[in-house]
Amino acid sequence: MPVNDPSHGFCRDCLALQRGSGPRCHGCGSPRLLRHPELYKLHLAHIDCDAFYAAVEKRDNPELKDKPVIIGGGKRGVVSTACYIARIHGVRSAMPMFKALEACPEAVVISPDMEKYVRVGREVRSMMQALTPLVEPLSIDEAFLDLDGTERLHGLPPALVLARFAVAVEKEIGITVSAGLSYCKFLAKVASDLRKPRGFTVIGEAEALAFLAPQPVTMIWGVGKAFAATLESDGIRSIGQLQRMDRGDLMRRYGTMGSRLYHLSRGQDDRQVSPDQEAKSVSAETTFDTDLASSAELVPVLRALSEKVSARLKKANIAGRTVVLKLKSQDFKLRTRNRQLTDPTRLADRIFQTGMQLLSKETDGTKYRLLGIGVSDLSDDERADPPDLVDVQSRKRALAEGAIDVLRGKFGKNAVETGYTFGKGRNAHPPEALDD
Ligand SMILES: [Mg+2]
């Protein structure tokens, strides 16, 4: 049977090609068959490990195999990952531990071993990198892969390469993954989440509009709770409603987000998989010991992080034009806000002032566990921070910052502390923390 013939699905366990529409593999009898009219045409994938931390712990202690396992606890007292058995009992990520144990008293609670998870995550990633150089990690346990043009290398189309990868991860690493295969990043990521664990979901171009229409707007990248509430107050709940609106109208109502809604609701997403994501922005972030809500507490941290980012930019002689603020709330919801500047900057003060503007809209009583600031749209620093004729104050601050840099260069990083960070030692110069 020829590979690539769209009338042939395949078995996800033994990879044998399947003719016809029988419910089980003619070779191994497995019911895990994959068929799709665009199966051999699509090459954009998203791979996500299933209940990653819990899966690693189960792998390392077979006694846990059939028990509900929760990774979490410690100082923060929330669930970091719950295995699928614990999830059946109603345990969810970010749930306070006492609630999780109410829902599932027999759960085995294990405190996270980040070093181990990072190590295993790297193993999975290097297996991905053996498939294609175009691997874009999103976190420790998930990544986008573009398998375009790899067919000759593997002797197999991308769909089969992915299925073989999933089997290999189970065998060699001892955990499971779910894969999404589509023609764009947005739908590949959506797809990988549809049939966890051990899922493999395909969303083709021909079905994209119909698939998206009944889905809630929160499925769209960047539509969080707050923005969903805004849409809801305008009577918009489903992606189908967005599909019927025109672009101009959406832009007038929601600015640049309107344009994103227009395109993504129609399954249009031309973002490329970029393997060196890290090099495209410079940022610093920190996770707090206790959640912070007030700007009095957050601003000094923002200042310290802005200085860190600026120091890195200056050291590398680069500058960034878009300032990105990142916040993670108590319930692990991520908020990223960005603002484009008229010119690239490498100044701590400009990064900080822009970050302040973004932060001021987010200090609404929400408790945050993580704050980050960074710049993207990087370029060399030749055209960075031109003297600002309009804003005399900002020019003064830029000059002052130059003077501070000289002093710090002479006497060390802590020789000069600005009013924002002075005396806020612990939070102002937080230890590097691992994001979960
Ligand atoms: Mg995962």
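Start by selecting Asp141, which sits in the loop between strand E8 (135–139) and strand E9 (142–146). Strands here (E, at least two residues) and helices (H or I, at least four) are DSSP runs, numbered from the N terminus. Before going on, keep in mind that this is a predicted model: local features need pLDDT of at least 70, side-chain atom pairs count only at pLDDT 80 or more, and totals for chains, interfaces and linings use all residues. Residues are numbered from 1 along each chain as its sequence is written.

**Stop 1**

Is Asp141 buried or exposed? Asp141 counts as buried because 23 other C-beta atoms lie within 10 Å. The cut-offs are these: a residue is buried with 20 or more other C-beta atoms within 10 Å of its own, exposed with 12 or fewer, and partly exposed in between, with C-beta atoms placed from the backbone.

Now show the neighbours. Leaving out residues up to four places away in sequence, Asp141 touches Asp48, Cys49, Phe52, Gly121 and Val124. A contact here means that the C-beta atoms of two residues, placed from the backbone, lie within 7 Å.

The UniProt annotation "binding site", from an unreviewed entry, covers Asp48 and Asp141. The two are spread over 94 residues of sequence, yet they cluster in space, with a largest C-alpha distance of 6.0 Å. UniProt positions are given in the numbering used here, feature names are shortened, and annotations may be inferred rather than shown by experiment.

Asp48 belongs to strand E4 (residues 44–49). Asp48 is buried too, because 20 other C-beta atoms lie within 10 Å. Its contacts, not counting residues up to four places away in sequence, are Asp141, Glu142, Val177, Ser178 and Ser192.

**Stop 2: Glu142**

Next, select Glu142, where UniProt (unreviewed entry) places the feature "active site". Glu142 is found in strand E9. Because Glu142 has 21 C-beta neighbours inside 10 Å, this residue counts as buried. Which residues does Glu142 touch, not counting residues up to four places away in sequence? They are His46, Ile47, Asp48 and Cys49.

**Stop 3: helices H11 and H12**

Switch to a cartoon view and select helix H11 (residues 247–254) together with helix H12 (residues 256–265). Their axes come within 6 Å and cross at roughly 145 degrees. The axes are lines fitted to C-alpha atoms, for helices over the stretch in contact, and angles run from 0 to 180 degrees between N-to-C directions. The crossing of H11 and H12 is right-handed; a crossing is right-handed if the near helix is turned clockwise from the far one by less than a right angle, and left-handed if anticlockwise.

Show side chains at the contact: Arg247, Leu250, Met251, Arg253 and Tyr254 in H11 meet Met257, Gly258, Ser259, Leu261 and Tyr262 in H12. By class, this contact has six nonpolar, two polar and two charged residues. Ala, Val, Leu, Ile, Met, Phe, Trp, Tyr, Cys and Pro count as nonpolar, Asp, Glu, Lys and Arg as charged, and the others, Gly among them, as polar.

Stay on H12, whose buried residues are Arg260, Leu261, Tyr262, Leu264 and Ser265. These residues pack against helix H7 (185–192), helix H8 (208–212), helix H10 (239–243) and H11. Just after H12, look for Gly267, which takes a positive phi of about 70 degrees.

**Stop 4: strands**

Select strand E6 (residues 78–82), where five of its five residues are buried. Strand E5 (residues 69–73) pairs with E6 in the antiparallel sense over four bridges, and Gly72 stands opposite Val79 in E6. Two strands pair if DSSP finds at least two bridges between them.

Then move to the open sheet of three strands, ordered E2-E1-E3, with antiparallel pairing. Its edge strands, each pairing on one side only, are strand E2 (17–18) and strand E3 (33–34). Two bridges join strand E1 (residues 9–11) to E2, and Gly9 stands opposite Gln18 in E2.

**Stop 5: Pro300, then zoom out**

Select Pro300 in helix H13 (residues 295–316). Pro300 is buried, because 21 other C-beta atoms lie within 10 Å.

Of the 436 residues, 37% count as buried. Among contacts with a separation of 6 or more, 61% join residues 24 or more positions apart.
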